[in-house]
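Subject: Structure handover

Hello,

Here is the structure for you to open. My notes on it follow below.

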Amino acid sequence: MSNLKIFTKTILVPVVLGGIVGFIISRFMDYNALQKPFLSPPSILFPIMWTIFYILMGVSYGILTKKQLNDQKVSSIYYLQLGINLIWPILFFVFKWRLFSFLWLMLLIVFIIIMIKRFYGKDKVSGLIQIPYLIWSLFASYLNLFIYLLNR
């Protein structure tokens, strides 16, 4: 498969799935109505940042695919963390399960760390590309926890 096809597929999968989830949650969004902690970014930043992170996920996975370095363990952890990631906004915005969403985010962070370790073990760049995603997810956990605490 050509590099263009590989990266098109690996980037489109998380971006399209993220877009579908964004569409599903759009009518349930209440971020602007919530009391938020210090350092809370404006709501417009979230779709921009998540699009960037979904692209980076696809690039990272695409590197492994291109180099034929992804095996069953790598693919499983990648798609598992992506699934956990895509469920979080539904829990947070649709169901309004703020505390459970925080715990779910902790689970996601564990899987992101595992993914980074596995990707890094196969290709250093592929693993390092995921560091901003981990940092953003840690920041999101701060926001999630304090939104829960401030809006009980």
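Gln-68 is exposed, because its relative accessible area is 71%. The cut-offs are these: buried is under 20% relative accessible area, exposed is over 50%, and partly exposed is in between (1.4 Å probe, protein chains only). Please note that this is a predicted model: local features need pLDDT of at least 70, side-chain atom pairs count only at pLDDT 80 or more, and totals for chains, interfaces and linings use all residues. Residues are numbered from 1 along each chain as its sequence is written, and side-chain values use heavy atoms, with hydrogens and water left out.

Gln-68 sits in the loop between α2 and α3. Helices here are DSSP runs (H or I, at least four residues), as are strands (E, at least two), numbered from the N terminus. Gln-68 is not a glycine, yet its phi is positive, at about 55 degrees. Most residues other than glycine have a negative phi.

Lys-96 is another residue to look at. Its place is the loop between α3 and α4. Lys-96 counts as partly exposed because its relative accessibility is 33%.

**Record against model**

Where does UniProt place the feature "transmembrane region"? The unreviewed entry gives residues 12-29, 44-64, 76-95, 101-119 and 131-150. UniProt positions are in the numbering used here, feature names are shortened, and annotations may be inferred rather than shown by experiment.

I looked at two of these spans in the model. Residues 44-64 are 95% helix and 0% strand, and their end C-alpha atoms lie 32 Å apart. Residues 76-95 are also 95% helix and 0% strand. Their end C-alpha atoms are 27 Å apart.

**How the helices pack**

Two packed helices are described by the angle between their axes and the distance between the axes. Axes are lines fitted to C-alpha atoms, for helices over the stretch in contact, and angles run from 0 to 180 degrees between N-to-C directions. Angles under 35 degrees count as roughly parallel, over 145 as roughly antiparallel, 65 to 115 as roughly perpendicular and the rest as oblique.

Take α2 and α3. Their axes cross at roughly 170 degrees and come within 11 Å. The two helices are therefore roughly antiparallel. On the α2 side, the meeting residues include Trp-50, Tyr-54 and Met-57. On the α3 side they include Tyr-78, Leu-82 and Asn-85. Contact means heavy atoms within 4.5 Å.

Now α3 and α6. They pack at about 25 degrees, with axes 13 Å apart. These helices are therefore roughly parallel to each other. From α3, Gln-81, Asn-85, Trp-88 and Phe-92 meet Tyr-133, Asn-144 and Ile-147 in α6.

**The core**

Which residues of the largest nonpolar core touch the most other members? They are Trp-50, Phe-119 and Tyr-133, in a core of 37 residues. Five helices each supply at least two residues of this core: α1 (3-25), α2 (45-66), α3 (72-94), α4 and α6 (131-150). The most comes from α3, with ten residues. A nonpolar core is a set of buried Ala, Val, Leu, Ile, Met, Phe, Trp, Tyr and Cys residues joined through side-chain atoms within 4.5 Å.

Leaving out residues up to four places away in sequence, Phe-119 touches Ser-60, Tyr-61, Leu-64, Val-74, Tyr-78, Ser-126, Gly-127 and Gln-130.

**Individual residues**

- Ser-126 lies in helix α5 (residues 124-128). It counts as buried because its relative accessibility is 0%. Beyond four places in sequence, Ser-126 touches Ser-60, Ile-63, Leu-64 and Phe-119.
- Asn-85 is in helix α3. Its relative accessible area is 3%, so it is buried. Apart from neighbours within four places in sequence, Asn-85 is in contact with Trp-50, Tyr-54, Met-57, Leu-108 and Tyr-133.
- Val-21 is in helix α1. At 11% relative accessibility, it counts as buried. Not counting residues up to four places away, Val-21 touches Leu-86, Pro-89 and Ile-90. Val-21 and Ala-33 are twelve residues apart along the chain, and their C-alpha atoms are separated by 20 Å.
- Ile-114 lies in helix α4 (residues 98-122). It counts as partly exposed, at 29% relative accessibility. Ile-114 and Ile-77 are 37 residues apart in sequence, and 7.5 Å apart in space, C-alpha to C-alpha.

Best wishes
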